Structure formats: C-alpha cells, structure tokens
Amino acid sequence: MQSFSKPTNELIEATIPLLASPQHERYFLDRLDNPHWITPLREHGFFQHPPAPEEVSGGGVRCQAWPQSRYLVRMASHAPKEVAEILAEIDSDNWIVARDIIEAGEEMRPEYAAKLAPKIGELIEQLGLWYKLDDVGGIAARLARENEADAAVDLVKTAFAIDRRKTTTTLRHRDDYGYFEGLRDSVIPSLIAVRASELLELLIRWMSEAIETEEGRRIGGDDFSYVWRPAIEDHEQNRDFDFAAKLVGCVRDAFELAIRDGHLRLSDALPMLEEPEYLLFRRLHLHLITEFADHDPELARRTMLDRSLFGAYGCKHEHARLMGQRFGLLSKQQQAEWLEWIEAGPEKMEPDYRDESEDDESRQRRREYWQFQKLHWIRDHLTDMWRTFYERKFEEHGKPDLADLHVYSSGGRWGHESPYTAEQLSEMGFEAAVEAVARWRLDPEQRGLDEPTVEGLAGTFQEYVALDALTFSSQARQLEDKPAVYVRRFLRAMEAAVKEGKQIDLVSVLALCEWVLNRPVDEDTSPTNADGGLVERDWQWCRDTIADLLQEICKAKDDAQRPRFGVQHREKLWAVIKPLLNSPTKSYILREDAEKDPRITDWPQLALNSPRGRAMNAVVAYADWMPDHLVEDRKEQRSLPGGFEQMPEVRELLEDQLTRPDDHFTARAAFGWRLGLLFWLDADWLRRHADTIFDLRAYEDDPSKAFGWAAWNTFLFANRPRIEFYRILRDQFSYAVDQAATLEKPQDSREQPFAQLAEHLIVLYGRGDFGRDASEAFDADSAIVKRLVTTTHESVRSHAIEFVGMTLKDGGEDLPKEVVQRFKNLWERYWEAIGAEDAERNPGSYVFGYWFSCGVFDPEWSIVQLEKFVTAARKAGPDHMIMKRLASICNIDPLRSARIVGMLVDGDDEGWRVPSWKGEARTVLIAAMKAGGEAKDVAEQVVDRLGRRGYVEFGELLEKKSDDG
Amino acid sequence: MSAYVVNPNSNPQLVQGELQAAIPYPPLRRELLRWFQQEAPSLAPAYEGAVMLLGLPTFPGRVHFIAHAVRDIADRLVFVLDDGLPSSRVQYEHHLDSIQDQWPSLDHLFDGSSSPESAEAVSIPASVARHISQLLTEHRGRRQRPSQYDLLFQWLMKQDPSHAAVNQRLVSSFKDIRQWFMALTHLRRTAPPQVDEEQLCKRFEAFEKTLHSFVGSFFTGTRELDAILQQTNQ
C-alpha cells in the first residue's frame, strides 16, 4: 500500500496563505496527491464553499469545476472515511461537484460508499443528473455485491425514482440512456440476487408512475400500452420512443431473471402483478405464464382456456403468443375446445371501415378473415381441415394483417407510388400512354399509404416523356384537354430537355403552351380529390412552368454560342410570353416580414417564386435572346444598335408594366435583375426610366406602393458594382445611404440589401471611381462614402468596413498602392469619426480583424491600428487569424504585439479563445521578451495573466528567461 | 543580530540602506513592495517600515508599530485601491455633536401635564429628528454593506478569469490575521504583552502571502507551491 508523509504544522501554516487566490488554490489542489492534507485543509475551511452555479449572459447557467472535489476524488481510495464524511456534508447545486461526488463514490470501498449513498441519491434527484445513473447503478451494484444491500436499495430508491410531480416533458427530455444503462446492466442483475421482491415492487411502482406521468395515457385501467409498447417481449414492432415503453423491458427482465435464477417463484411473482390496476401488468402476467409455462403447466392450460382472455382486446398479443408457444400443452380435447371458439366466429362483428355493404357475402368474408387471424396464432400446430383452411387463406391474403397486434408501423416511405412504370408507358406508345395516364383513377378498394397516387403517376409520366423528348414534343398537342398536372409534367420534361441541349419540336410545344394559356386559369382539371391538396386544381403551376420553359428556350445556345432556336419563332414565343404577364403577383413564399418594410425585403427570392416575377423573367430572357438574331457578334457592340427600336414589343411591354394599375414588387424586381442587359439594350431608355423603375422615394408616401425598392434590392443583389450604373442611379444610391441611417433592424448579413449597398459603394471607392486621391474620394459626390461609414446604421457601416478586409483576405496581395492608400484612409477616417465608439459597443467586433489578417497593409500601420482596435474591442475577432498574422510580424513592434496579446487574453472570459492561439501567443511573447525593456515587462505580465488562467505552461518562458539571464 | 540603537545624527537614507541590507527580501516580498508602491503608494511606506522593523527584534516598540501598519493596511487598502468606494465609516461623533447642539432639555419636552416617567410620547424639533434619522440611516447602511475585507477581496478577485465569488474562508482567515495584530496596537497602562517572535513572523508572512497570492507574480507563488508539492507528494 502506498504510504504518504504527514505534513508538519509548520508546512501547513506556511502553505495555507499561499493558497489565497483561487488560481494558486487550484494549482496546488490539482497537483496534491497526499491524503494527509485532507484534515488540515478541512480544518481551514477549504471544503465549505463549493462554487455556486452562475447565470450567464444570454441565458443559461454555468458551473465551475472545484479543485477541492477533484482532489477528494483522487484521495477517495486512500482516505475513504474522511472523503465520504466531507462529501456527505456538501450542500451544492453545482453539478460538476455532484459528478465528482459520484465519482468518489465509485472509487471508495463499499462500506464508505454506503455512507455517501444517500448524498448521491439526493444529488441525482435534486439536480436531475440522469446521465450519471449508469455510474450510480455501478455503485449500487458494488454495494449489493459486497454486503451493503440496504445502502444499495436506498440509493436506487432515491436515484432511480420517478417523480410524479415532474411534467411529461421533463420525463421525455431527460437522458434516458444513463437511466436504463444503470438499471438494466447494473441495478437489476445485482439487486435481484439479494433483494428480489423489494426491487420488483419498486419497479412496479415506477412503472405505474411512468404510465401516470404521461398525460392522456390512460382511461381507468386501460393504459393503451398495446399502442406504445405493442409487445412485452423484444419485438420489431416495439418503438421505444418514450420512457414508459423502455421501462417495460426492464420490468420484464427483472421478473424473468428473478424467476429463472430461483430468487422468486412464479407463484410469488404473479400476485405482485395482479395488484396494480393498469393493463400493462395483466400483459406482463400473461407474458410470465408463457415464458415459465414449464414451471406451472396447469396454469398455462387454464389461462389458454380462459374464455374471457380469448377476446380481451388489450392482451391480444400476449394471448396470441401464449397460444402459439404453448398450444402443445393442451390435450387433444382442450385443443378441440379452443378450435370450437374459432369455428363459432367472433361474438360481435365490427363494422367495416371501408363502408362495404353489409350483405351476407361480405359478412362471411370478414368472419373467415377473423378465423384466419386467430389460426395464425397457432399456425405451427394446425392439422386437417384447419390447416387446409389456413393455407387457402394464406394463399389468398398472404400473412394476415394485425393478427396479434393492434397497431403496425412500417419503416415509412417518401414520395408517391405510380400505377405504371416508365417502361410500361413506353410499351403503350405515346398516344395510348397519355390516354392511360389521363384516365387513371385510384381504386377505392386500394386506399392506403402504399397505394399509387396521381402525383406518383405524373412523376413517372415526366420520366417517360424525358426518354424521347424530341419525338414526344412533336405530339405535344395530344396533351390538350388533359389534366393540368400531366400537362405540367410534360412541359417540365421539355424544359429539362432544352436545358440538357436536346432538340424539341418547339412549334408543337408552343402550340400546347398557347392552348394552356387560353384555358381559364381557375379551371379545375384535377383527376381526383383523393390526394387532398397535393394535386393542382387549376392551371397556374402549369403557366409558371411555361415561363420557366421559355427562359430555357431563350437561353439555349449551340456549340458556337449562337441561339439554338431561330428567329422564326419570335412571334410565337412573344405570343406565349405576353399573356403570362397577367399572372398573379403573390409569391409562393410566405414571409411574415414581406412588404412590411420594402427597403429590407428579400425581393429577388420572392420575385423568383411568384408567377408574375417568373413571367417577367421570361420577358427579360426574350429580350436577351433577340439581339443574338439582330447583331452578328454582340460582344463587339458596346450597345445594341437601334436600341429598343429593334424590339418595340419589349419596350412597350416594359413601359406598360411600369404604369399598370396592378403593378407589384414581384414584377418590378425583374428590372433590377438584368440591369446590365437593359443598359446594353438601350442606355438612353434606361436613363429616361430609371427614376420610375427605381422610385425609392415612394416609400415616404406609401411603403406598400414603393415598388422601386424591389427593383433596387434586386439590382444590388444581382449586379456587380459598375460606375456606369452608379452614374444613372446616383440619386438612388444617395437616397439609400440616407435611408440606411433610419433603419431599425441590423443589416449585417451579406444577403441583406443595405449590406449589399455598402459593398457596391466600397468597391467603387476602392477602384477609384469616386476619385484617385484618397481624401478626395472619401468626400466626393456629396460625401457618399463618408456618409456610408459614419452616419448609416451601425450594422451597415460596420459591414462596409469589414467587407474590405473580407474581400482582401482572398487575394489582395497585388493590390496597387493607391488602392491600399484609399482603404487605409477609409479606415482612419472611420475610426476617428465613429469606429472607436462602435468597437467599444461591440467587444466581439470583427471589423478590423480581417484587415489585419489579410496581409495587404504594411505591418507597422497594421499593428498600430490593431492595438487601437483591440483596446476598444477586447474580444476582437477572428482572433485566431489575428494572432496568426501577429505572430508573423511581431518582431516589427514587439511591445505593441505583447500588449495586444494581453488584451486578447483578458477578453477571453469564456476560456475557449486562448487555446486556439496559444502557440502564436507564445511566439509573440518570446519576441517581446527578447526585445527587452518595456516589451519584456509587458510580456512577463501577460505570461503571469496566462498562468492565472491555467495556462501554466507559459511559466516556462519566465524560467527560460532566468536560465538565459 | 545586534540591537539597533537610534542615532539622531545618522543619515536617514543611509539608515534605510543599512536596514534593507539586514532584512531578507525574497522575491515574494520584493514583488509585494513593488505592487504597494505602484498601486497603493500611500500605504507602501507603512508596509516597508513594518518589514524593516521585523528584522530588528530589539527596536523599541516595534511590535506596536508593525501591528499598526498591518491593521491600517488591512483596513484602508481597499479604499486606496478603489477611489470610488465610499468610506464605510459613520461619523457618529459629528452627528451626536449636531444633535447635542439642538437637543432640548427634558423640562422643555414635557408640558406640565405629564412627567418623563409617565409620558408615552414627546415632541422634538424637526431638525433634531432629521439628524437622528440621518444617523440611523448611515448606521443601517454600514451594517448592510459588505465589510472592507469583503470589498478588498472583491477588488482583488476582479481580475480572476473564473469570476468566482469571494471565498469566505479567505475573508475569515484575513480577518483573523488582522485581529491578531489589532490586539497589539493599543498601548496599555501596564507592560505590553510578550509576543512570540516566531508567531509574529508567521502572522506577518501569512498577511504578506495572502496579498501576494493575488497581486504578485503568479509563477513566484507556483514555485513556492511546487517546492511544497515536491516535498509532500513523495
């Protein structure tokens, strides 16, 4: 046995004051490995004040580890008596300390663990440490095996109890794993051997309480356990999602083990299950009779011939199992008696759920099916006429449904079934296939989850059409007068074919489109009501598909990048496009915030998912397609010669859209989407109409009619920054910057419109589009950049600045000096005006982090700015990138570098930042120490602070210094 | 060590230098003195003086001076460190002087119909009532405020990254040390109690170590602890 030296009083008295600070206390106790210190530390009050849980900002509670309890865990095997006494007296809600107490219980000898057991039970109950119950089970098992059965039972009683006062949610959300691991693997095997009856009574009580905890789980004695635990034995139909269902398995195992190992007789076990009122216990009772029929064959026979059980609804599975497994115990006469019950048929015929007619034939069919189900229980024992009957029925129906269960759950499937395969449709030929598809109806006899649906058929039809799009496209008109769902799938197949570069008969397809567009939009063509809302009831989805198809047609290019569909289709295409504009404006995407504030709404997404928006995109696609037929090589042309004069139909339609009374955001968005195209097609037209298209000021009169914001937000989203656009939209940019000062919600994600506005302006500024001289550019054009970074909403200006660093971190190395100078000026002006205040308000700011880490800016300037930034924002990020760069350039300014490290260390309140850049911090601190002077002093202070945070390995740097010195 | 004789003609700087040479200044003490000089300069001389006197067992009245220094440092340190902290003292004497000036004689408080023994209530001037109320408010506030020792360790714990609460074991132990010295501060009619030199040094060191654990170099402390651990873990 290991021996330890006893500390002298002098040593103890000299040591205690050194442990005043929590850091030194932790340092010492984490390393102390001598049990003789327990008593003096106890006398000095070291074990009296475990840290209490503390609330953390943002919600939640945090617990600190307690070095004292860790020390006691280590000493538990050496000084179990003292450790048990101390831990038993601790009163704390700190679950880390509670875990240590449990761990100490595992470490100490059973006679001492028994003293700690009540405390462990209390902690589990009070703190809900369910996940530790596997360990607690282990302690109980050890106690039970080593003559501490009383303590084991008491521990289990407290720790594993089910508190009925706890809500259903509590029961469901707690960690079941530990509970059942502990109960099944440790508690039951050990306690059954020494206290079988006591444990089984406990289990019965907990089982009842688990049933009662689940609201709506019982009506009188019926606990519906045949639903939530279909079989008592392990069974593939058991879906043990909840606590009670899992507990059934433990109760069963405990009874089986007790009887099998001779700790309890069957005749003593069964009465225990007769007392509780719930059905589950009747089922357990039957289960045990089945399992241990050889212990009492007469009881098994009596039970099988109990007529009341024959029709007992809730016990069907266990009764069926008893019959199946023990039918052979019955005499021939008894077997015949039981089969007479089958012969007699059901006492009461349940009404048919399929609403079949109640004629004699139907009744007979159902009676025979009932007999077939019952015979299925004893299928291995059947002879003669009953075997013949069973086999005939088996051939007819296959395995009977729900013969011994009340519920059945399959693995579940996704998608829809089709009555035909694509191959079967191919064999029919197109015309017959279309007819077969259009005529198909769901057989009312085949209602069910696994049965075919219209959607399933439509999907297969699309697959079939895709097999030979060219041939089938020429027969497109066969689809006329057919339900919308199949027409849509046909057109989708055409769209996919065009996208894949396949040929189609465009004339026929456009003719079908025209036919669709001539149908009343709200015409109901659905072939069935059986699919609920899954099948479209009108032509709108089909019209949307036409819009998508037309876009693909206009985009389609051949190998030479010329349009695949010739200009001869111009009129037909336009004839199909134009009526699409009468589509509704409402988006399929429902957003609560949509249209509340059009300035911050994601119009591109809403427009893309609205009928009118898709139709407008088809118009724009057409406008993009036409010039390829008008000019030889459009890349050679700065603009389309003749402009919209070459496409008056487009111009007319666009102008109509701007003035139509039912104009809407989703329609207007399309103007912003392809602004570059409109600029190339007819820049003069765009200049003339820009203020109408992008009428942002309408927001002041009526935000619900400020459609210009849809075009604007879409423009910002879909177009790269270009000075040509800025020149046309100068007023809009200026107005939007002003609006950015009035925002109530942050706009800091790159997907948000005002963040995109910031990015546009920053790119133009960086390029020198506002002037090459840095100061001049900052104040140019009514100081638009200055306003952006000083007066807009904090989130917008912060994003503008952060965007520079984020952009430059990926390949800004070769940036011209004048661009770098402009950005440096931008930062300095921002920082001076408002940046420092922003950073102080947001200690976790990333605003300068990417600037520093991108490596574009000279190191001296970067370190000076970083120090200012980190002084204001102690949790500056991305800290690991900052530190990586700092470690590589710290020799340039070791003093500032050391100060920066110190501030970042101090900012790591959570304790997870420093570990990610310890190596870099070490590099910086070594450099500062080598530099000497103030840098060295600062570095030593930082090392000290790191040591106090537990990073004691940094102490080596001081020793190194001593060695060097 | 030979007895120290005060020489009124000696150069104070020289005396100090000689004393410093005579007293052990381990790293812990050096760091603590430096900290006092930087963070609580008004208390640094008292600490330094106490350290010096500790090295001069024959210096007349040294225990009294050392005890005063320790008590005053313990009591005032937090107020020196934290400028914004209001003093916890209540000016009882000042308040009582004000009340006394306005307090009417008993005869004036009773009209002829009742006597001081039988009266259930009396009227006093409003200004006196205000003074009494103010005195009681301050007294109550003092009782409810954390002690200066709690405040001191709260201040020292500010830099603790774990943001743990102040350890009451520590406060209590610090109060004990302070109390031990406090008992030695008063001059008595009779001869001063004999103080065990070893106890004096131990208590003083405990006082120093407690403060150093917070304000000194972390690794100076761990080096001392490493030595102890090496000895005790064997």
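Two residues are taken to be in contact if their C-beta atoms, placed from the backbone, lie within 7 Å. By that criterion, residues 24 or more positions apart account for 68% of the contacts in chain B that have a separation of 6 or more. The structure is a predicted model, in which local features need pLDDT of at least 70 and side-chain atom pairs count only at pLDDT 80 or more, while totals for chains, interfaces and linings use all residues. Residues are numbered from 1 along each chain as its sequence is written, and chains are lettered from A and ligands numbered from 1 in the order in which they are written. The model scores ipTM 0.80 and pTM 0.74.

**Confidence in chain B**

- The mean pLDDT of chain B is 83, and 86% of its residues reach 70 or more, pLDDT being the predictor's confidence in each residue, from 0 to 100.
- Within chain B, confidence is lowest in helix 1 of chain B (residues 12-22), with a mean of 56, and highest in helix 4 of chain B, at 95.
- Over residues 1-10 of chain B pLDDT stays under 50, and for this stretch the model has seven contacts beyond four places in sequence.
- Where pLDDT is low, the predicted coordinates should not be read in detail.

**Architecture of chain B**

- Chain B has eleven helices and zero strands, where helices (H or I, at least four residues) and strands (E, at least two) are DSSP runs, numbered from the N terminus.
- Of the 234 residues in chain B, 24% are buried; a residue is buried if 20 or more other C-beta atoms lie within 10 Å of its own, exposed if 12 or fewer, and partly exposed in between, with C-beta atoms placed from the backbone.
- Chain B is divided into domain 1 (12-86 + 147-232) and domain 2 (92-144), with bounds that come from an automatic or database domain assignment.
- Taken over C-alpha atoms, the centres of domain 1 of chain B and domain 2 of chain B are separated by 43 Å.

**Helix 9 of chain B**

- Helix 9 of chain B (residues 168-182) has 15 residues and reaches 20 Å from its first C-alpha to its last, close to the 21 Å expected at 1.5 Å a residue, the expected span being 1.5 Å times one less than the number of residues.
- The buried residues of helix 9 of chain B are B:Leu170, B:Ser173, B:Phe174, B:Ile177, B:Arg178 and B:Phe181.
- Seen down the axis of helix 9 of chain B, these buried residues fall within an arc of 140 degrees, so they line one face of the helix; the arc is that of the directions from the helix axis to the C-beta atoms.
- The buried residues of helix 9 of chain B pack against helix 4 (62-81), helix 8 (148-156) and helix 10 (197-215) of chain B.
- On the face of helix 9 of chain B turned away from its buried side are the exposed residues B:Asp176 and B:Gln179.

**Contact between chains A and B**

- The contact takes 36 residues from chain A and 28 residues from chain B.
- On the side of chain A that touches chain B, at least two residues each are supplied by helix 1 (9-15), helix 2 (22-31), helix 49 (933-948) and helix 50 (955-964) of chain A.
- Helix 2 of chain A gives the most to this side, with six residues.
- The residues of the side of chain A that touches chain B divide into 15 nonpolar, 14 polar and seven charged, with Ala, Val, Leu, Ile, Met, Phe, Trp, Tyr, Cys and Pro counted as nonpolar, Asp, Glu, Lys and Arg as charged, and the others, Gly among them, as polar.

**Domains and distances in chain A**

- The domain assignment of chain A gives domain 1 (1-38 + 63-161), domain 2 (432-580), domain 3 (595-718), domain 4 (720-862) and domain 5 (878-965).
- The C-alpha centres of domain 1 of chain A and domain 2 of chain A lie 73 Å apart.

**Backbone features in chain A**

- Most residues other than glycine have a negative phi, and most peptide bonds are trans.
- The peptide bond from A:Gly877 to A:Pro878 is cis, with omega near -10 degrees, and A:Pro878 is found in the loop between helix 45 (859-872) and helix 46 (879-889) of chain A.
- A:Asn147, which is not a glycine, has a positive phi of about 65 degrees, and A:Asn147 is partly exposed, with 13 other C-beta atoms within 10 Å.
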